[in-house]
Amino acid sequence: MLFTFYLSFYIQEIKRLPERCLVDEENGSEGDEGSEEDDDDVDDDDEDESEGSDEECECGSEEDDEEIVGFSILTLGMFRGPLLYATWKGMKEIITPVPAPLTFDPNTAHRKLVLSDGLTSMKPRDKEVSPFKKSKKFNECLCVLGSEGFTSGTHYWEVEVGHISDWIVGVATESANRKREFDLLPENGYWILSLTDGDEYEGDELLNLSVKPTTIGVYLDYEQGQLSFYNADNMSHATTYTDTFTEKLFPYFALDPSDRDKNSEPLKLHHLAI
């Protein structure tokens, strides 16, 4: 589930690819020369080594490292390709769960929430839009659910909260009340992590986080009854709920518009290219 760790590890491995490819190429070349050209003089060997050194210097340059990290096309002899994309495709086979590409469900969004066209970011608006006759909408708090719910399996998603001073991230049951004020507690169908006034974090109890996160990671194991929250910037653990889930659970998101100056940033869903 800790995809950030895997991604960091694979980036380091990718940076070493040019050197590895060069070593493999040189080993193959030396084997061929040893079997077919045993009588070559020392000067030829020195010339080959000099050419190999030049090639290694070119492949291992800082510019190449920057190109790799930047998803650019890297030339390795006759091979060209976006290495990070290829690596991420391979990572899907070993990372469980693959980070979920969530979107917001506009049918559940409070009327004072503005959702982006791609349904991946939200922020408060000054005035409510005209009311819709949709029973799924939240009436009291500026909340919205994810478009996908879960009744089994393990799932992981990330939410960029940036420097917003008041936010809530978590999950809610399908039947949880959306029409009046209520306490966001497991007995009411809500398991959440919240930030209030920019410095008070709370899960099932008040939390003392040593580092203020700008991105929250949420991990759900439905069968095991586990919901964990992480500072996704460094993958440090924030808090964990253990419970028995019996209903469909939807990702849950909320904002407090009381201080627009401190809450002007949009809350965003992270998507990884796959």
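In the predicted model, Ser194 makes contacts with Trp167, Ile168, Glu200, Tyr201 and Glu202, when residues up to four places away in sequence are left out. Ser194 lies in strand β8, which spans residues 190-196. With a relative accessible area of 8%, Ser194 is buried, because the limit for that class is under 20%. The C-alpha atoms of Ser194 and Asp166 are 7.4 Å apart in space, although 28 residues separate the pair in sequence.

Glu200, one of the residues touched by Ser194, belongs to strand β9, which covers residues 200-202. Its relative accessibility is 38%; Glu200 therefore counts as partly exposed, the class between 20% and 50%. Glu200 also contributes to a negative surface patch, together with Asp197, Asp199, Glu202, Asp204, Glu205 and Asp256.

At the level of the whole protein chain, five helices and 15 strands are assigned. The chain comprises 274 residues, of which 37% count as buried. Of the contacts between residues at least 6 apart in sequence, 67% join residues at least 24 apart.

How values were computed:
Residues numbered from 1 in each chain as written. Predicted model: local features only at pLDDT ≥ 70, side-chain atom pairs only at ≥ 80, totals over all residues. Heavy atoms only, no water. Helix = DSSP H or I, 4+ residues; strand = E, 2+ residues; numbered from the N terminus. Buried < 20%, exposed > 50% of the residue type's maximum accessible area, 1.4 Å probe, protein only. Contact = heavy atoms within 4.5 Å. Patch = residues over 30% accessible without salt bridge, like charges linked within 9 Å, V, L, I, M, F, W, Y side chains within 5 Å. Areas by Shrake-Rupley, 256 points an atom, 1.4 Å probe, with all protein chains shown as cover. Salt bridge = Lys/Arg side-chain N within 4 Å of Asp/Glu carboxyl O. Lys, Arg positive; Asp, Glu negative; His and termini not counted. Charge placed at Lys NZ, Arg CZ, Asp CG, Glu CD.
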